Amino acid sequence: MIVEQIMTKNVFTLSPKDTVKSALTLMRENKIRHLPLLDGKGRVAGLVTERDIKSALPSFLKGEALEEHLYAPLSTLMNSNVITGHPLDFVEEISVLFYHHKIGCLPIINNQQLVGIITSTDLLHTMVELTGANKPGSQIEVRVKNRPGALYEVTGVFRIHLVNVHSVLIYPDPDDEDYQILVFRIATINPIPVIDALRKEGLHVLWPNMPGMSP
């Protein structure tokens, strides 16, 4: 999946010359937490977040002191070192940017122009969709040897039992690099027959593994 498929294209923006008050108003009216700031040529010059504004307006400010901060230009508190992405970037790649840089949003640029924005909420929503966690079903984790054909063997059991697979995630076994953990989200609320079938095939089911289930 690429960024263009999940980004918000109608982005609210201001300029570095706009005031803190204008940013606060725009955020409250549209229930947003991130504002790209554009220069006169439509390029991203900076970024202001709800957290930036709260930091600039401590609760003890009153009267003229508050007014002074409210009417200060956004250039005084914006982040000018903005990390950006491209519409054709893969969602997995930009997720790494969020993780490493601990950012809450990513402006999306094409030909030096702002064309969209991605937030951490967008990524979370996409992850839920990709994993099928929002669909009725069950999760099964199977430990397999890291070799060609292992995934095929497991899904073959699902096929025999006419069970559809919502999603598959694969990660290395933290205890043995020669093994992998396959995490399946399957379209059944009663996974016990499938689990028993997997074990009869000699496959190691890690989850579910509750008292009373077949070993």
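Reply: Helices and strands are DSSP runs, numbered from the N terminus; a helix is a run of H or I with at least four residues, and a strand is a run of E with at least two. Please keep in mind that this is a predicted model.

Me: Which residue just after helix 7 takes a positive phi?

Reply: That residue is Gly 202, with a phi of about 85 degrees. Another positive phi, of about 55 degrees, belongs to Asn 111, in the turn of the hairpin that strand 3 and strand 4 form. Two residues lie between these strands.

Me: How many bridges join strand 3 to strand 4?

Reply: Strands of a sheet pair through backbone hydrogen bonds, in a parallel or an antiparallel manner. Here strand 3 (residues 105-110) runs antiparallel to strand 4, and six bridges join them. One of the bridge pairs is Ile 109 with Leu 114 of strand 4. Strand 4 (residues 113-119) is largely enclosed by the rest of the structure, because five of its seven residues are buried.

Me: In what order do the strands of the open sheet lie?

Reply: The open sheet has four strands in the order 6-7-5-8, paired antiparallel. Strand 6 (165-172) and strand 8 (204-207) are its edge strands, each pairing on one side only. From one strand to the next, the twist averages 30 degrees. Strand 6 is joined to strand 7 (residues 179-186) by seven bridges, and Pro 172 stands opposite Gln 180 in strand 7.

Me: Which strands does helix 6 lie across?

Reply: Helix 6 (residues 150-160) lies across strand 5 (138-145), strand 6 and strand 7, and runs at about 30 degrees to strand 7. Helix 7 (residues 192-200) also packs on the sheet, where it touches strand 5 and strand 8. The direction of helix 7 makes about 5 degrees with that of strand 5. The buried residues of helix 7 include Val 194, Ile 195 and Leu 198; its buried residues pack against strand 5, helix 6 and strand 8.

Me: Does Thr 131 count as buried or exposed, and why?

Reply: A residue is buried if its relative accessible area is under 20%. Thr 131 has 14% relative accessibility, so it counts as buried. Thr 131 lies in helix 5 (residues 120-131). A polar atom of its side chain lies 2.9 Å from the backbone oxygen of Met 127. Beyond its neighbours within four places in sequence, Thr 131 is in contact with His 166, Ser 167, Leu 169 and Arg 185.

Methods. Residues are numbered from 1 along each chain as its sequence is written. This is a predicted model: local features need pLDDT of at least 70, side-chain atom pairs count only at pLDDT 80 or more; totals for chains, interfaces and linings use all residues. Side-chain values use heavy atoms; hydrogens and water are left out. Two strands pair if DSSP finds at least two bridges between them. Axes are lines fitted to C-alpha atoms, for helices over the stretch in contact, and angles run from 0 to 180 degrees between N-to-C directions. Contact means heavy atoms within 4.5 Å. Buried means under 20% relative accessible area, exposed over 50%, partly exposed in between (1.4 Å probe, protein chains only). A polar contact is a pair of N or O atoms within 3.5 Å; within protein, one must be able to donate a hydrogen and the other to accept it, and residues adjacent in sequence count only if both atoms are side-chain atoms.
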